[in-house]
Amino acid sequence: MLDQQQYESQVQGRAEEMLDAVAAQPRPSAWTAHALLARGGSSEQVTEAVARNLSEVVPGAGDGDMGGPFHVLPAMLLHSRWEEQLPPEAEQMIRDFLLRGIIVRGNTENHWLMYYAGNLLAAERWRDEDLFWDGRPPVAMQREATRWILGTIERTARIGHHEYDSPGYHIEHMMPLIGLYEHTTDEFLRTQVERVLTLKVADMALEFFKGSWAGSHSREGYRENTWTRVGPIRTLQYLYFGGEPFDADQHLHGYAIPALVAQYRPPALLARMAWDRPTPQVVKKTKAPRNIIRHADEPAGPVYKTTYMSRSFALGSAQINLPGTAAGPIDLVSWDLTWSGPKHQAKITCNHPFQGPERFSAFLAPYPQNARRSIGGGKPYLQSVDRLFGASPFERIAQHEGAVLVTYRIPAEDEAPFANLFLPMETDWVEQEGWLLADMDDFYVGVRPLADCHWERIQESRNDAIMVSNGDLIDGWLLRIEGPTPGIALEAVESMAVASFDDFCARRVAAGVDLSDWPTQGRVALTTIAADRLELEFDGVHRLNGEIIDYDAWPLYGAPEAEAELHTGRMRFGRGEDVVDVDFDIDPDQPMMPMRVIG
Amino acid sequence: MTGESEALAPADWLVGDVGVWAGTLGGGWRRHGPYPFAVQGLSRTATDLLVGTGHGLWQAPIDPRHRWVQLHDEILTEVMTVVRDASGAPVAAGSYGVSVATDDELGFKRWRSLTEELSPDERYTNVLHLEAGLWLAGTEAGVLISVDDGANWQHTDLSGSPVRCLTRIDDSCWAGTDDRGLWCSQDGRIWWQVDCPTTAVFSVAEAGSCLLVGGYDGIYCRDAQGLWQRSGPRALIRCLTVAGDVWAAGADPGGLWYSQDEGGTWRRSGPFKHVNVICGPMGGDGTC
């Protein structure tokens, strides 16, 4: 067992290696200037980095002094860590920005956390000034920020993280929390921050799969969910979990660089949990609802996650519980199968590319008549009918270990009445009685579209202004499954669980999918090769071997090395003697702070 | 643009777009302070200006050289509309409902939602209308009414459709809906649908004997004989304001337009692209 001291020494070694690499990079940013300062880089470069950060134009009319979460947080992380070493010009720019600038909160949970963390550090630092940038004395912001941060920590401890398990945005939760842990003068806040950091790293560890973050994600970037390694969280995955050689291309992202110079270290057992799973395991998590601000006559329900972490693959899905027919969070990924392999070659996922403009106005202020153009204009890929990410209000999923049913009932008037299934292109697929079967060496997989489908090629690129010649964003097969009731059944099993690939194919095809009530009665059932029967009733119950799957009983965390009940604020991670207990000291009878952002 | 340091004058029109702009419809415009927030609601007095924005609620001094003061806290988010109650205190509404504030021991505003327990559609408030003993909220679920200063809310006859505008004209209240046209009420509780050539009504105003309606595709004018005529740009007309013989229309997108010949001719004014709110000069009709 790795003890904490050994573990911290390993983390420090990785941090030093990473800092060396970052310090050698050209054109530092306010996020990466930490490496310059740690390595004695030039003060001119540091000043330039701060100037670039704070003079960045935020949409609004070219006002140089206006910034947001991505300005206030890196500025204050830099100032708080290196005030004594900062060039005077850089220090003055940051001070002026916080005392005389204009700063906006943004509109997602990570925005607010960065905004409030940065502002809190600034309000503490300049507490004796008469006025803060917002026209009030600094103590007003200090109180406001503290209330919101403590409130959102409490929500996370009681009902789960709202902007859950996002390879893209988890870093934007980790960095403000690490900054607060390092620098706040409020000891109670620091204590709660350390506790919630344990949860956030545990979230990373429980679904860490050989460099990937398996399972459903509240947000997984735009056109990145066919990748195996996604998002800036890779930097913290490597820093805290190690387990593979350092690769600057994979393991460095600017947003995470302040963590390399921080003192914060997670519990060592979380690194062990990330890599060491002696047996396949089911990870259950409850996450907070995807808050909808309109187009719904009832609030969204909790998100119930299931992720099966096997030896050679991971299959994860979630009950998203969106109310109504309008909301479809634009970068949510509800399920995927992931394994170890190159980009585009180790993921299977499908979705309904829901086009309704209300998916924007359910979360943001523009009227539905304007929302599609005002939001989709800036992100045109959100309008693509080939989209492979994003939620649909017409999707229902049931999962048991390595088997999943993904079904859709899409209204006839929908602009995209079909589902898109992504399959890797270098896989040798075998078609047999409607099943697409593949030998992945260590495991086998079978996918059965539930309606007619057609093979297409999908290739999308960042450099698409004139001609797409390289699918650096997406490159694979797109199977368009016809609506209005498309779907898939999928099962993956370890190769050692069956005699051979041929045996897998024969047994998988023979076990079959019961479509006798699909789509007429809205029921579909999948029998696994282990003879478990998974049944999905659209907008009804899900059953495993005849027993109703009770999502109401889902724990906050449930896994061989994670246990926590909802609303208690208490968690245990680890096994045997090697455990970490977390207790947020919460009174469950007290009301929670209302959640005021999406994310 | 004219001088950015010029104080607000009673004769100024105010426009909420990216920031608050002051000026005259046929003349120049100046931004009131360097605050490029998306402005959605304004409430003006002789001594200050409350500005409801996508980034909370702010108090703007008359002199733009002075800093705006943040009035929101962590509970109050996007503000779609801001009005003042009988005491002059701000009542703000937006994506998380209707909220009122009290001061903490240091004098900073702490906001309390009056509609926290309602459903998302009932809570999301586009527009507020306050009178003594009668608060009306135009929500995504219809018009909600409160007769106890917001403590309790009930549905009205006008339910099941997003309400985009609410205004009192003489002894009647008028409401515009997203998909069911124009509605009228005497008491705010019982509503009836009024014949109107557009199903999407985002703004309503009175212009002498005419009723003006802003739709998705332009401005509709109903004359004293009840005949409707469309005029102006074929744009989503989010706000309409009439001051004397000047009609002003804010299009989102499409900018600011005005007419001085009862809708015969409309001219675009200023640098605006998304006009959410227009205040006429103080002391007359159309102020806010």
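## How α4 passes α6 in chain A

Let's start with a pair of helices: α4(A) passes α6(A) in a left-handed crossing. This is a predicted model, so read everything below as a description of a prediction. The axes of α4(A) and helix α6 (residues 109-125) of chain A come within 8 Å and cross at roughly 40 degrees. That makes α4(A) oblique to α6(A), because an angle has to be under 35 degrees to count as roughly parallel.

Which residues in α4(A) meet α6(A)? From α4(A) come Pro69(A), Phe70(A), Val72(A), Leu73(A), Ala75(A), Met76(A) and Ser80(A). Waiting for them in α6(A) are His111(A), Met114(A), Tyr115(A), Ala117(A), Gly118(A), Asn119(A), Leu121(A) and Ala122(A). Sort the residues of this contact by class and you get 11 nonpolar, four polar and no charged.

## α4 also meets α3

Helix α4(A), residues 69-82, has another partner in helix α3(A), residues 43-55. Here the axes come within 9 Å and cross at roughly 155 degrees. An angle over 145 degrees counts as roughly antiparallel, and α3(A) and α4(A) are therefore roughly antiparallel to each other. As for handedness, the crossing of α3(A) and α4(A) is left-handed.

On the α3(A) side, the residues involved are Val50(A), Asn53(A) and Leu54(A). They meet His71(A), Pro74(A), Ala75(A) and Leu78(A) in α4(A). By class, that contact has five nonpolar, two polar and no charged residues. Keep an eye on Ala75(A) in α4(A): it is listed in the contact with α3(A), and it is listed in the contact with α6(A) too.

## Where chain A touches chain B

There is a chain-to-chain contact as well, with 28 residues from chain A and 30 residues from chain B. On the chain A side, α7 (138-159) and α15 (368-376) each supply at least two residues. Of these, α7(A) gives the most to the side of chain A that touches chain B, with five residues. The residues on this side of chain A divide into 13 nonpolar, five polar and 10 charged.

## A glycine to look up in chain B

Now find Gly54(B), which lies in the loop between β5 (48-53) and β6 (56-61) of chain B. Is Gly54(B) buried or exposed? It has 21 other C-beta atoms within 10 Å, and 20 or more is enough to count as buried, so Gly54(B) is buried.

Leaving aside residues up to four places away in sequence, Gly54(B) touches Phe37(B), Ala38(B), Gln40(B) and Glu78(B), plus Ala365(A) over in the other chain. Gly54(B) and Thr77(B) are 23 residues apart in sequence, yet their C-alpha atoms are 7.3 Å apart in space.

Two residues of chain A have a positive phi without being glycines. Arg27(A), with phi of about 50 degrees, is in the loop between α1 (4-23) and α2 (33-38) of chain A. Asp165(A), with phi of about 45 degrees, lies in the loop between α7 and α8 (171-183) of chain A.

In chain A, one joins Gly483(A) and Pro484(A), with omega about 10 degrees, and Pro484(A) sits in the loop between β17 (474-482) and β18 (487-494) of chain A. In chain B, the bond from Asp252(B) to Pro253(B) is cis, with omega near 0 degrees. The place to look for Pro253(B) is the loop between β25 (246-251) and β26 (255-259) of chain B.

Note on methods. Residues numbered from 1 in each chain as written. Chains lettered and ligands numbered in written order. Predicted model: local features only at pLDDT ≥ 70, side-chain atom pairs only at ≥ 80, totals over all residues. Contact = placed C-beta atoms within 7 Å. Helix = DSSP H or I, 4+ residues; strand = E, 2+ residues; numbered from the N terminus. Nonpolar A, V, L, I, M, F, W, Y, C, P; charged D, E, K, R; others polar. Axes fitted to C-alpha atoms, helices over the stretch in contact; angles between N-to-C directions. Parallel < 35°, antiparallel > 145°, perpendicular 65-115°, else oblique. Left-handed = near helix turned anticlockwise from the far one by under 90°. Buried ≥ 20, exposed ≤ 12 C-beta atoms within 10 Å, placed from the backbone.
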